[in-house]
Amino acid sequence: MHRWSKLFVPTLREAPTDAEVASHKFLLRAGYIRQLGAGIYNYLPLGQRALNKIIGIVREEMDQIGQEFFLPALNPREAWEPSGRWSGMGDNMFRLKDRKGAELCLAMTHEEIMTEIARKELRSYKQLPQIWYQIQTKFRDEPRPKSGLLRVRQFTMKDSYSFDIDADGLDRSFELHDAVYRKIFTRCGLKFVAVDADSGAMGGSQSQEFMVHTEAGEDLIASCPTCGYAANTEKATSLLDAVTEMAPTGDGLPELVLTPGCAAISDVAAFFKISPASDIKCVAYMALKRGENGKADTWHGLAAFLRGDHQVNETKLQGAVGAAELRTMNGEELEQFFHGPAGFLGPVGLAPAAKALTSGLTVVVDKGLEGRSNLVAGANKLDYHFRSVTPGRDFSWTLVADIRTVNEGEACPTANCTGKLVVGKAVEIGHIFKLGYKYTSAMGATVLDPNGKEVTPIMGSYGIGIERILTAAIEQSHDANGFWLPASIAPFQVVVTVTNVTDTLLRETGEKLAADLEAAGIDVLLDDRDERAGVKFKDADLVGIPYRINVGKKVAEGKVELVNRAMPGAEDLALADVVQRLKALV
RNA sequence: CGGGGCGUAGCGCAGCCUGGUAGCGCAUCUGCUUUGGGAGCAGAGGGCCGGGGGUUCGAAUCCCUCCGCCCCGACCA
């Protein structure tokens, strides 16, 4: 039996000032974790028990569709070369050398290793599909670890990889994961949503994230309460209301206007007495194009034009032009591409590149500017703007694309839906992703199809952040005194608090009750410490155990108290009914 | 990597400006009392004041430098 008096549970009355978000504070205060370095944590017994419960659920469900592997965290450079990610991962990968000077890394993920196994071992379409998974520590040298266990440099991830003979097979593997993920997160007691996500520079086709709404989250998701549409704002779209204000002036050709000091959108709008929606915003970037076939990477000028009241969405922009990386232009580059200063940049007079990221300036125009006329735009000249600028007539572009970030209150993009989008913060707990042929093709994995022809298997990749399930659960359920976890992932399901262990009757009643609960298969912790009742109650409220039995004075009447941590108050319960009642609850 | 902040006992902090024997609360240990919401009294232990260098008779305090940590941003298959 687990006794609090023997457990190592170093609770803190006060949280270290470093902790900002609720889950971080409580994980420290409840003695679940201790920090070793930036983004590196020790997991203490209570934390480890909770994580093991989560891992247990994940493993049980994943075994329904796949097979578990255990792969090295220490990977030789050669394993990461064929996919191009030895260099592609850049500074995010931890790298080291062995005594002979050979280069190694700590694995951030295992696409290469799994694909290498597939390449060597899979021969025939008859062996497909395969779903291979692992629950292991992964390493990422995050530029900025933060928020306790939310963004760290070493963490536990369930990763799985599917290999299918064709796209239909991949669809099935993807659907299997979608269904299993929903089961896992439901069993972990999380309120989650599945959202469309950007498939990123990895070149996948479909991507879905599982998110938990919380202020501590780093992602923004847009959702429609009416039809259920939900997407990461990196990907989300919306319908725009027509801009109804009068065209600024006339219908003539662009007219140069002196606008002293009007560098910000708000200045320009005020100067011309227009809404920012009728001004054209310009954001200037340098975009990195990865060199193919061993060619060197190259940087190209990139101008994004959109409505003054819109924000550029760099993920979408990057996707639209196929850039590996974006950074904003410096003054010298602005002069080179625009011949004008920041604050007065505009599209008139530019010579757009014929194709994205070729020589010259790539000009991308947001869809929100389509069909507009008589707008205001910078003149690429200090203290001057043009008015009466009409896209298409007065300037051209390399391409038109959706490159803006949606805002709360805009119309839902779903056909015939009249809902308005709401935008909220969320933390990503899982991601399922159709990878395609990137790795199998780069690494030369093939199998023979029924016609004896070599074909390249198609892959999917699917992750779950184990620690993030714990942190999301805490973010979801806490108050001033502590938190409570769902019984399925709590380190213990119930704590039996003996209010006074110097009272023989109470102590023996508690012992027997805890033994009975354990015999009934309930995960019980007996608080047998020689502490005052108040101390034990405070600790019990803090550490995340969902139910508590107070063994106190009422034992004389054959009664104890049942406390449901999620609710206020306590309920008297006959001693004889405790086991049955708790079995029903957990 | 840019901006900001912090590093003094296990935790939370004061002291630094204006240099002169390192303090407070909580926690810990001992004893007595107490025992249903972080008890009371009495006593005790615990510090390379983040590291290195410099100024000074003398540095937690002033100067230089390095390191670590937190927050905002950038970044985040």
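Of the 586 residues of chain A, 51% count as buried, where buried means under 20% relative accessible area, exposed over 50% and partly exposed in between (1.4 Å probe, protein chains only). This is a predicted model, in which local features need pLDDT of at least 70 and side-chain atom pairs count only at pLDDT 80 or more, while totals for chains, interfaces and linings use all residues. Residues are numbered from 1 along each chain as its sequence is written, chains are lettered from A in the order in which they are written, and side-chain values use heavy atoms, without hydrogens and water.

**Exercise 1. Describe the overall build of chain A.**

Step 1: take the extent. The C-alpha trace spans about 95 × 65 × 50 Å along its principal axes.

Step 2: list the secondary structure. Chain A has 14 helices and 35 strands. These are DSSP runs, numbered from the N terminus: helices are H or I with at least four residues, strands E with at least two.

Step 3: check the contacts, meaning heavy atoms within 4.5 Å. Among those between residues at least 6 apart in sequence, 70% join residues at least 24 apart.

Step 4: The assignment gives domain 1 (51–72 + 109–236 + 424–474), domain 2 (255–405) and domain 3 (492–585). Such bounds come from an automatic or database domain assignment. The C-alpha centres of domain 1 and domain 3 lie 40 Å apart.

**Exercise 2. Work out how α2 packs on α11.**

Step 1: get the geometry. Helix α11 covers residues 466–476, and α2 packs on α11 at an angle of about 115°, with axes 9 Å apart. Axes are lines fitted to C-alpha atoms, for helices over the stretch in contact, and angles run from 0 to 180 degrees between N-to-C directions.

Step 2: name the partners. A50, L51, I54, I55 and V58 of α2 meet I466, E467, I469 and L470 of α11.

Step 3: class them. The contact has 8 nonpolar, no polar and 1 charged residues.

**Exercise 3. Is V455 buried or exposed, and what does V455 touch?**

Step 1: V455 lies in strand β26 (residues 454–455).

Step 2: V455 is buried because its relative accessible area is 18%.

Step 3: leaving aside neighbours within four places in sequence, V455 is in contact with I165, A445, T446, V447 and D449.

Step 4: the C-alpha atoms of V455 and D166 are separated by 9.0 Å, although these residues are 289 apart along the chain.

**Exercise 4. Characterise the setting of H310.**

Step 1: H310 is found in the loop between β16 (298–307) and β17 (311–312).

Step 2: H310 counts as buried, at 1% relative accessibility.

Step 3: residues up to four places away aside, H310 touches L240, K281, D366, R404, N407 and E410.

Technical notes. Ala, Val, Leu, Ile, Met, Phe, Trp, Tyr, Cys and Pro count as nonpolar, Asp, Glu, Lys and Arg as charged, and the others, Gly among them, as polar.
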